[in-house]
Amino acid sequence: MPPAHGATPSPLGEPAAAPPRPPGESFALPSRDTSVAVARRRVRHQLYGWGLPSTTCDNALLVVSELVTNAILHTRSSHVRCLLWSSGQLLRIEVADEGPGLSRARPRAADSEAENGRGLLLLDALAVRWGVVSPDQRSGCTVWAELTAAAQQSDPAAAPPAASATERAPSRAREALLPG
């Protein structure tokens, strides 16, 4: 029986299918205070579109708010770029700026009445891992965070494995490199 129209096998065999890429999204926003809300809306829309759990989405919105705010407030960038990537189990958020690179100043400790100064503590509490990448001191930096993207197990005793201290908590070396 002859093959149906268009179903003739290729003499070279089937082309190798490219492995599926995890979902990703990237966008740039101008360095204005209104861009923080725009970033949150775009991230919320994307993460719910991917079907990530609401807890992951809520945590990601806090992280994006903090990272975009820091990029706008602490650099002289004309725009910031946000990258989202999800494997289904892990969500990676990156925010890149065009600022002068990393400063050697350490983050200041916030007193109990201060309105800001706690963002990196929040980032550390929500992220499985996070860090800073700076190609050189003149070309800005990228702050990234990874969050658990899978639905939490119903058994409270079944906690995910803890990250090592060097991955989770900022070291003094890393603190010294974070924007002030």
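Which residue in strand 2 is the bridge partner of Pro-30? Select Pro-30 and look across to strand 2: the partner is His-79. Before going further, note that this is a predicted model, where local features need pLDDT of at least 70, side-chain atom pairs count only at pLDDT 80 or more, and totals for chains, interfaces and linings use all residues. Residues are numbered from 1 along each chain as its sequence is written, and side-chain values use heavy atoms, with hydrogens and water left out.

**The sheet**

Stay with that pair of strands and select strands 1 and 2. They pair in the antiparallel sense over seven bridges (pairing takes at least two DSSP bridges between two strands). Now bring in the rest: you get an open sheet of five strands, in the order 1-2-3-5-4, with antiparallel pairing. Go to the edges next, strand 1 (24–30) and strand 4 (129–133); each has a single partner strand, so one side of each has no neighbour in the sheet. From one strand to the next, the twist averages 15°.

**Zoom out**

Color by secondary structure and you'll find five helices and five strands (DSSP runs numbered from the N terminus: H or I of at least four residues for helices, E of at least two for strands). Starting at the N terminus, the elements go β-α-α-β-β-α-β-β-α-α. Of the 180 residues, 29% count as buried, meaning under 20% relative accessible area with a 1.4 Å probe, protein chains only.

**Helix 2**

Select residues 54–74. At 1.5 Å a residue, the 21 residues of helix 2 should span 30 Å, and its end C-alpha atoms are 30 Å apart, which agrees (the expected span is 1.5 Å times one less than the number of residues). Helix 2 lies across strand 2, strand 3 and strand 5, running at about 15° to strand 3; the angle, on a scale from 0 to 180 degrees, is between N-to-C directions of axes fitted to C-alpha atoms, for helices over the stretch in contact.

Show side chains next. The buried residues of helix 2 include Ala-60, Leu-61, Val-64, Leu-67, Val-68 and Ile-72. Among what covers the buried residues are helix 1 (34–49) and helix 3 (119–126), with contact meaning heavy atoms within 4.5 Å.

**Last stop: two cysteines**

Pick Cys-57, on helix 2: it is buried, at 0% relative accessible area. Then pick Cys-141, also buried, at 2%.

Terms used
Buried means under 20% relative accessible area, exposed over 50%, partly exposed in between (1.4 Å probe, protein chains only).
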